[in-house]
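Subject: Structure handover

Hello,

Here is the structure I said I would pass on. Please look through it first; my notes follow below.

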Amino acid sequence: MGRDKVYIQPLPEAWSEPGHPDRSAGPPRPSRGVREMVARLLAQHQVDDVDISRLPADGQSLEWSELKEIFNLSEEEQATAFEEDVAPAGAWTLAGLRERLNRPVSRRTAAKLMAMGLLTGVGFLQAGCTPQLPSALGGQAAQLRLQEYFKRNYRLMTEEEKRETIQRLEHLYELETGKRPQISSREAQPGVLYGYAFNISKCRGYLECVKACVLENNQDRSTDIRYIRIHEMPQGPFDMERATDDFYHQVPAAGHLYVGTQCFHCENPPCVDVCPVQATWKEPDGIVVVDYDWCIGCRYCQAACPYDGRRFNWRRPVVPVEEINLQQHYLGNRLRRQGVMEKCTFCIQRTREGRLPACVEACPTGARIFGNLLDPNSEIRWVLENKKVFRLKEDLGTEPKFWYFMD
Amino acid sequence: MRWVNLRVRAAVLWLAGLVAVGLVAGACVQSFGGVPVWVEGAESRPAEPDPPVVAPPADGQASASVSSLPYLALEDYLPLVDGATQEPVEGVFVRTRREELVSYPCSTCHTEPVDALKQASQAEGRLAHWDVALDHADQTVLTCTTCHNVDPNTSDVDTLRTLTGGSVSFDASYQLCAQCHADAYEEWVGGAHGKRVGGWAPPRVIQSCVECHNPHQPQWDIRWPAMRPQQIGREDRTMSPFPKTQREARPGSR
Amino acid sequence: MRGLVAFFAHALDNVTSGSLRYHLWMGFLTLWMVAGAYAYSIQLREGLIVTGMYDYVSWGLYISNFTFLVGVAAAALMLVLPTYVFRDMDFLRAVLFGEGMAVAALVMCLAFVVVDMGGPARLWHMIPGIGVFNWPRSLLTWDVLVLNGYLFLNLTIPFYILYKHYRGERANPRVYLPGVLLSLVWAVSIHLVTAFLYAGLPARPYWNSSLLGPRFLASAFAAGPALMILILTVIHRTSDYKVEDGTIHKLSLIVTGAAQVNLIMLASEIFKEFYWPTAHSRSAIYLFFGLEGHSRLVPWIWASLALTVLATGMLTLNPLRRRRPVLLLSCALLFVGIWIEKGMGLIVPGFVPEPWGRIFEYTPTWVEILVTLGIWALGAFVFTLLTKVAIPIELGRMRREALAPAGD
């Protein structure tokens with residue numbers, strides 16, 4: 001490994017300097033932090049033949065041979081560093097190895113080798129961090145992220161804290177994407193309990209709902225997170241196991257019916273109970289939400305959900321900047337990060353404002369019915385009272401607020 | 001003790017340990033400071049504006065009830081009137097249709113009975129309503145004149161015609177549909193059929209039948225889905241730790 | 001306080017010196033740990049997408065190993081119970097290693113849970129006070145409590161005893177016996193709670209069985225002591241610490257009994273799933289016979305079944321069990337068999353088919369495998385360090401008086 005390039009960079013002073021300009025633009029700086037450590041180490045062991053000032057400047061790399069030269073390694077020292085094989089013949093026997101390991105080394109050499117090890121190690125460390133350092137840890141964004149890291153569970157926040165975090169998030173997203181979203185924290189209205197009905201004889205598998213959902217909710221495009229699945233089921237017994245959701249042909253296919261599933265916003269949601277940190281809960285209007293910044297990513301809720309309703313950000317989400325929906329809600333479609341759970345929120349950013357979820361609005365066939373279960377004049381109530389409705393896996397006692405019916 | 005006696009071992013340990021710590025710490029820093037959004041051309045970022053000092057007012061939070069009215073500001077709608085009773089159905093409105101019709105009012109052209117108009121246009125080599133092909137039920141059951149008033153001498157051509165010869169505004173065409181599709185009409189009024197305009201909250205404004213169903217050809221399209229099936233997770237990722245993001249175009253896609 | 005510092009300094013001195021074989025072994029483990037750290041750094045950077053897991057099979061190799069190792073940790077009970085409660089002196093020389101194995105297994109368990117997290121940096125959200133601890137609703141919080149509590153017990157009890165011996169004093173049973181008794185209950189609870197973690201999910205019918213907990217215990221009490229027999233044999237051969245045949249013999253009886261009970265429970269599970277297969281039996285069908293052309297786990301489970309049955313058979317026959325090579329072989333086979341069965345055979349089929357009946361198979365990626373190997377190396381590393389200190393103390397070589405003030 002010694003022949004690999006060694007990167008030497010200073011410990012980032014930018015951490016403590018808010019508003020620090022982009023580092024890559026500035027002039028090279030001497031390597032301060034590590035350099036001092038090396039100097040101290042060498043001085044401690046009376047090593048005086050190393051010119052530390054020859055260590056290259058910020059961001060530059062150097063070859064092992066150059067490092068060796070700077071450290072003025074003598075023959076004997078090089079041998080100790082396994083540079084050359086000076087062990088007796090047949091060195092790679094156990095005895096030879098033992099000799100190697102137990103060879104006494106002078107303090108000076110050891111100090112030099114440790115210093116070189118230190119430099120290499122720190123170099124690796126910083127090379128690992130560098131790609132993100134200038135933008136991610138420099139300046140305002142870093143400060144905002146740090147404050148965001150230490151914030152509390154959304155439900156425990158005071159109104160003041162909520163306002164602050166929303167301001168920070170809006171600013172942070174603006175720094176990252178160049179667009180400033182509007183993040184709402186609008187709460188549930190009294191007298192509202194959302195319900196959903198799906199007409200399996202109307203759905204024709206056009207997937208317009210899926211497309212609208214992806215766009216509305218800023219879902220990751222790279223892993224293709226989709227809250228909605230449309231299952232194509234051959235006619236016959238109604239059995240979800242006979243259905244597939246990977247069809248791509250002209251629809252509707254003859255002799256098939258289409259069943260949409262998503263989060264059912266159960267009245268007894270098993271996913272909420274199992275969450276170890278209460279990062280997910282049921283809102284008073286029945287929407288099961290996730291606090292994305294509180295989720296630790298254990299995926300217990302995903303195992304507990306009998307309806308395949310939850311989606312995990314298996315990698316850093318990718319949303320094209322020009323497609324970002326800027327009308328956001330803290331518990332809804334704001335941009336997520338890697339390693340957190342997300343799910344359908346009945347488009348909380350829309351429904352809390354009185355609008356319809358994106359899937360309902362997009363459905364060209366009117367197969368999707370949404371409304372307030374507590375309003376006796378709502379469409380959902382009419383469907384529940386006048387149509388023959390059923391729910392999936394009712395035996396589990398989860399009480400989904402998502403019904404199916406037929407014409 | 002032995003720590004005083006520095007050995008090569010110590011140097012090697014240093015190195016290995018630091019490499020390990022560096023790798024994990026580097027990745028930690030990256031994942032902590034992760035940018036959640038893909039930025040095309042990240043270098044062209046706007047200058048960082050100062051964070052706003054004043055908190056934005058939490059408007060709208062004071063109003064306790066939700067209404068669809070803000071989303072209906074640009075819509076025209078009338079109360080739904082039941083065709084049989086001619087009574088408005090309480091709390092249900094239907095989006096109007098007349099202003100969207102292309103050749104309306106009909107009486108602009110239909111000044112004479114249809115047969116006379118037909119002869120005149122054939123003589124001049126003009127085609128009228130050439131884009132209308134009637135494919136709604138059977139020709140023996142339903143023709144143009146089943147629903148349209150065509151004779152200005154005996155009826156108002158700017159309205160639709162019921163089976164019993166009554167006239168119905170183009171804005172209330174659902175009354176016509178309801179003559180045959182009584183079940184669908186009932187579900188439409190109730191809420192199990194059709195689509196809403198605006199939001200879920202009252203007032204309830206619904207789309208008229210003809211906004212989804214072409215009355216001349218009420219059948220639905222057979223078409224391609226709006227999205228391809230989800231790929232990730234179905235592919236075998238055993239060998240490569242990184243998923244394929246570029247997908248092959250499938251044959252047969254539009 | 002000063003005595004403690006001296007003890008740790010002495011211990012540090014002890015673990016950094018040793019034979020070449022010792023250094024090679026530790027170097028070998030370090031190599032795997034570094035490799036694991038490298039793989040984990042990739043996973044941290046790229047996200048869990050680099051594993052074979054996805055929304056369909058959302059737990060994989062990590063949680064499988066976690067589940068298995070909780071069992072290994074709980075198996076310390078089988079050494080502690082006879083030693084401290086039944087006063088069986090044959091076990092006295094093994095019990096410290098049993099507790100050391102529990103510590104190593106728990107360290108691995110915690111490591112496996114941490115690497116499985118999507119946001120390990122936000123784990124502080126779980127700490128009561130500054131975070132939110134969803135206790136008692138979430139079984140995961142129960143698991144956190146019992147695992148850490150058990151780790152604490154297994155660290156403090158042996159430490160107290162060893163420290164007393166180090167100072168040349170007798171350990172006072174009045175001090176450690178309450179802890180020992182508590183740890184007995186605790187050992188059962190860690191594995192039961194871990195089983196309840198899965199059994200409490202109605203969404204996964206394969207796990208939603210009342211037999212899951214007892215079966216966890218039975219297989220753990222077979223696999224843990226089996227590993228103990230192997231470890232004791234290695235210690236016996238590589239150090240001056242001699243383990244008597246009686247200890248091994250009694251341990252092998254425990255392994256045999258537990259393995260037999262485990263097989264009985266397995267048989268009843270197989271009967272229930274296959275005599276009248278319902279929609280809920282599809283996971284088991286997938287596991288044992290494959291479903292709709294998907295059969296990636298079939299060779300594994302049959303191999304596991306064969307290993308377990310063969311090993312249990314060999315252990316059951318007295319003349320075979322009495323022969324040391326056969327005993328060691330059966331212990332190794334049993335350990336591997338139960339590892340496969342608890343690992344790939346329990347967690348993964350719970351997710352296949354997924355809730356809507358679609359089948360997505362799971363295979364770990366090299367990142368996952370490397371991280372897993374790294375954590376196993378970490379466990380072995382921790383265990384070696386613990387034994388490296390415990391053995392000289394128990395042999396009377398490491399004593400406070402022996403620590404020369406001048407050093408060496």
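In chain C, helix 5 (residues 92–116) packs against helix 8 (residues 212–238) at an angle of about 120°, and their axes are 11 Å apart. Helices (H or I, at least four residues) and strands (E, at least two) are DSSP runs, numbered from the N terminus. Axes are lines fitted to C-alpha atoms, for helices over the stretch in contact, and angles run from 0 to 180 degrees between N-to-C directions. Helix 5 of chain C and helix 8 of chain C are therefore oblique to each other (under 35 degrees is roughly parallel, over 145 roughly antiparallel, 65 to 115 roughly perpendicular, and the rest oblique).

This is a predicted model, in which local features need pLDDT of at least 70 and side-chain atom pairs count only at pLDDT 80 or more, while totals for chains, interfaces and linings use all residues. Residues are numbered from 1 along each chain as its sequence is written, and chains are lettered from A and ligands numbered from 1 in the order in which they are written.

On the helix 5 side of that chain C contact are C:Ala94, C:Phe97, C:Gly98 and C:Met101; on the helix 8 side are C:Leu227, C:Met228, C:Ile231, C:Leu232 and C:Ile235. Contact here requires C-beta atoms, placed from the backbone, within 7 Å. By class, this contact of helix 5 with helix 8 in chain C has eight nonpolar, one polar and no charged residues (Ala, Val, Leu, Ile, Met, Phe, Trp, Tyr, Cys and Pro count as nonpolar, Asp, Glu, Lys and Arg as charged, and the others, Gly among them, as polar).

Helix 5 of chain C also packs with helix 14 (residues 366–394) of chain C, at about 155° and with axes 9 Å apart. These two helices of chain C are therefore roughly antiparallel. Their contact residues divide into 19 nonpolar, three polar and one charged.

Chain A has an open sheet of four strands in the order 12-4-14-13, with mixed pairing. Strands pair if DSSP finds at least two bridges between them. Strand 12 (368–372) and strand 13 (389–390) of chain A are the edge strands. Strand 13 of chain A runs antiparallel to strand 14 (residues 402–405) of chain A, joined by two bridges; A:Phe390 has A:Tyr404 as its bridge partner.

The mean pLDDT (the predictor's confidence in each residue, from 0 to 100) of chain A is 83. It stays under 50 over residues 1–31 of chain A and over residues 130–137 of chain A. Where pLDDT is low, the predicted coordinates should not be read in detail.

Regards

How values were computed. Contact = placed C-beta atoms within 7 Å.
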